[in-house]
Amino acid sequence: MKRKKINVAVTGLNAIDSPGPGVPVIRALKESKLFVVRIIGLSYEAMEPGIYMHDIVDKTYQIPLPSAGKASLLERLSYIHSIEKIDVIIPNFDAELYNFITISDQLKKEMKINVFVPTLAQFEDRHKANLSDYGKKHKIKVPFGKVIFSTMEIPKLTKEFSYPLVVKGKFYDAYIAYNMEQAHTYFNKISAKWGLPIIIQEFVTGQEVNVTALGDGKGNTVGAVPMRKQYITDKGKAWSGISIDDKNLLTMTQKLIRSTKWRGGMELEIIKTNNEDYYLLEINPRFPAWVYLAVGCGQNHPEALVQLALGKEVKPFKKYDVGKMFIRYSYDMIVSLKEFETISTLGEL
Amino acid sequence: MKIKKNIALSDSGFVFDPATGDSFTTNPIGLEIIKMLKDGKTLSEIKSAILKKYLTDEATFEKDNYDFMNMLSKHRLTVDNEKEKN
């Protein structure tokens with residue numbers, strides 16, 4: 001079958017100890033059997049390693065930080081599109097999604113760029129701060145949680161929570177606090193970085209399992225692969241993991257996608273307790289950094305997302321390999337100062 | 001006691017539980033016992049087979065087997081354990 005040539009722009013090219021999903025998404029697209037993909041990297045900082053991976057990223061442009069707002073993003077994308085003729089954009093950061101969601105119609109109408117992301121309502125509903133209501137609405141177990149805006153509220157938490165409890169930021173970061181002093185410390189640490197509110201969550205013990213999935217926006221699950229973390233960094237990120245055969249996790253994912261009519265990639269973070277109860281901890285509204293495991297298991301989710309973005313019908317994946325592992329590694333690239341200079345000064349490389 | 005049906009066993013003694021992603025290694029006798037459990041053999045059948053094949057006495061087998069079964073149960077590789085959870 002002749003593969004179609006397309007241009008796909010991808011964000012999330014960073015790769016520190018909490019890596020972005022951009023590079024794994026690109027690897028998945030480069031292995032597509034349907035498309036020959038030219039990759040346009042979209043970066044925020046000159047130190048994102050994906051910028052310099054010329055074997056998989058064909059050209060990179062810097063884009064304005066999400067805080068600059070959607071108008072400047074649209075203007076920059078318009079310039080990039082005038083050169084690169086982008087067919088699809090895959091945003092991979094939680095923090096940038098709001099802007100991409102709100103300009104997606106405009107991108108489609110004015111530039112014919114396709115973005116397959118959750119709707120604004122889907123994106124807002126699943127915020128960590130709304131998780132308790134979200135669980136009730138979709139009949140899924142979630143740990144009891146509460147949103148707080150000040151450290152003054154911490155002493156009163158003992159009325160509803162017992163220690164340890166989890167202190168979480170609205171976008172990233174989570175710490176287990178074993179006493180009130182620790183809760184104070186983590187409140188200040190997280191709020192300084194990610195702002196308010198802070199989410200206080202019941203600490204549920206068990207095995208952490210995650211699912212990478214793709215919803216078609218009509219309630220169908222196009223693909224889903226559950227994974228158990230095997231090696232976890234001090235930031236709680238999986239450094240290695242294994243695909244597992246857990247029907248309950250798949251049922252939970254399908255139920256959630258059906259109920260929300262989820263549109264786009266997602267990652268579910270779940271705790272499986274010793275009593276085999278499943279508690280949803282978080283929904284990340286984009287593919288996880290370990291999404292390449294799904295490709296290794298026979299489900300190329302990024303390729304399927306591109307098909308959906310282009311308006312094609314996609315048949316749901318029916319199976320995946322169980323017992324496939326990923327093991328992450330770090331790799332020192334040697335980069336010429338000239339390249340660093342070019343991306344830093346001209347904003348493209 | 002029954003071993004979970006979906007447990008994958010390799011001849012090298014590698015034991016994999018696809019539902020949890022847990023993996024273990026066992027020695028050749030452990031592997032032999034797990035295989036017999038998987039084939040639906042009862043504990044007394046397993047005992048007879050081991051006593052017939054190896055130079056050991058009944059008391060030693062009973063003690064070691066008791067430990068081994070506890071270990072399988074602790075690692076949630078047995079069906080009894082699953083039932084308890086439900």
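Colleague: What makes up the count of helices and strands in chain B?

Modeller: Chain B has four helices and three strands, where helices (H or I, at least four residues) and strands (E, at least two) are DSSP runs numbered from the N terminus. Read from the N terminus, the elements run β-β-β-α-α-α-α. This is a predicted model, in which local features need pLDDT of at least 70 and side-chain atom pairs count only at pLDDT 80 or more, while totals for chains, interfaces and linings use all residues. Residues are numbered from 1 along each chain as its sequence is written, and chains are lettered from A and ligands numbered from 1 in the order in which they are written.

Colleague: How do you know what radius of gyration agrees with a compact globule for chain B?

Modeller: The radius is taken over C-alpha atoms, and the globule rule is 2.2 Å times the number of residues to the power 0.38. For 86 residues a compact globule would have a value near 12 Å, and chain B, with 13 Å, agrees.

Colleague: What makes a residue count as buried, and what percentage of chain B does so?

Modeller: A residue is buried if 20 or more other C-beta atoms, placed from the backbone, lie within 10 Å of its own, exposed if 12 or fewer, and partly exposed in between. By that test 13% of the 86 residues of chain B are buried, and 44% of the 349 residues of chain A.
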